[in-house]
Amino acid sequence: MMDLSSTTTPSTFAPSGLAAPRCLVVTFNRLMPADQGNSRRIMQLVRLYKAQGFEVDLLYHNEEGFDPGLSHALAGEFGRINVVRSRAPKHIQPGHVCRIVDWYDRGLDAAARDMHRLRGYSVVHVNYVWYSPLLEQFGSDVVKVLDTHDVFGERRAKYTAAGMKPQWFSTTYADEDVALRRADAALAIQKEEAAELAARGHRNILYLPYVEPSLRPFTPRGGDRPLTFGYLGSGNDWNILSMAEFLSKMQAKGVPFPHPIVVAGGVCRHVREGTGVIKLGFVQELHTFYDAIDIALNPMVGGTGLKIKTVEPLCYGKPVLTTLPGAQGLTHLWQMPMFDDNAALTDYMFDRFGRAGTSSALEELASLAASTRQALDAEYDGQVDRLARWLASRV
């Protein structure tokens, strides 16, 4: 990975009386409300740039809708906003191979050049490898950052290995390598993915994990409601498969689990009714879900990228029980129990929480969760400092 060590101490890139440097963020994601992991990751970087003294503009490649409510919300976060309707062809070749040239919308080129001519960007930040061609619209005087969000080279193989039909974007290693070389720095959300890309010969890979500010302490629950477990996820294929397997393993025990399991988010449409399963559907505010549970679950069976649903509960003061795929990218920091599969996860739940007197088990989990959060914060702060020092040396 890139060596970001530097003697420069960043504070703000705009001395008093001078205009702030500007950063252009490019994304297709509907950022408000940030109710999906990729949107929250992007807003994490927006906050990071602002903290380093940048004024941040947005080039929104509209694939997820635009309306007055979104316009108003974005205006509160960004200096200038340009909305370009997507005309990306998004052809998928046989074998579910996606070429970046088929997924990139050349209509973005002129929009980016026009914004740069008017605003003069010091940094351009694009999300996902198929937006890397836009970086070619900027000269060497502009720092080019690509947030990968995931490793997409041969990603289809992970679906096939799980017995699933490949979905969304999967490209060749060669195409992904070209995309990464267009950037001065490419961000990996997982330490393992950063190492994988570095092993492929890339020397511009920076590791930046996903962390949100802590909003709730790890304190004992109050009130008279029963001990409650919960899962929050979108309706993507991995979440659907994971919840189906988890609930099947729970049912296979032959006796009801004595505590309710609350399920929220788009995955609810695909979760069958069952004893003790409460479906909340879409929740407008995340705290609504987390304030209703005591222990979060992530019974992931596979997938790629960092599982934000594993990190997010720690922001709300909730411990997490997860399978190893759900903790991918976090295992070197994780201090709570992790499980090889859903069979082991359900065994643990029935063993530790299937009878009376669960307060000590919950207290132990909460203590381990607090230690995990501290370790994650320490690693995140270190990586943010390295990224900030690198930006300060380039801008």
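Is tryptophan 130 buried or exposed? Select tryptophan 130: at 1% relative accessibility, this residue counts as buried (under 20% relative accessible area; exposed is over 50%, partly exposed in between, with a 1.4 Å probe and protein chains only).

This is a predicted model, in which local features need pLDDT of at least 70, side-chain atom pairs count only at pLDDT 80 or more, and totals for chains, interfaces and linings use all residues. Residues are numbered from 1 along each chain as its sequence is written, and side-chain values use heavy atoms, without hydrogens and water.

Colour the chain by pLDDT (the predictor's confidence in each residue, from 0 to 100). The average is 90, and 93% of the residues score at least 70. Next, select residues 1–12, where the pLDDT is below 50. Where pLDDT is low, the predicted coordinates should not be read in detail.

Now select phenylalanine 229 and phenylalanine 257. This aromatic pair is edge-to-face, 5.3 Å centre to centre, with 70 degrees between the planes. Both phenylalanine 229 and phenylalanine 257 are buried.

Finish at lysine 90: its charged end sits over the ring of phenylalanine 28, 5.8 Å from the ring centre (the criterion is NZ of Lys or CZ of Arg within 6 Å of the centre and within 35 degrees of the ring normal).

How values were computed: Contact = heavy atoms within 4.5 Å. Phe/Tyr/Trp six-rings, centres within 6.5 Å; stacked < 30°, edge-to-face > 60°.
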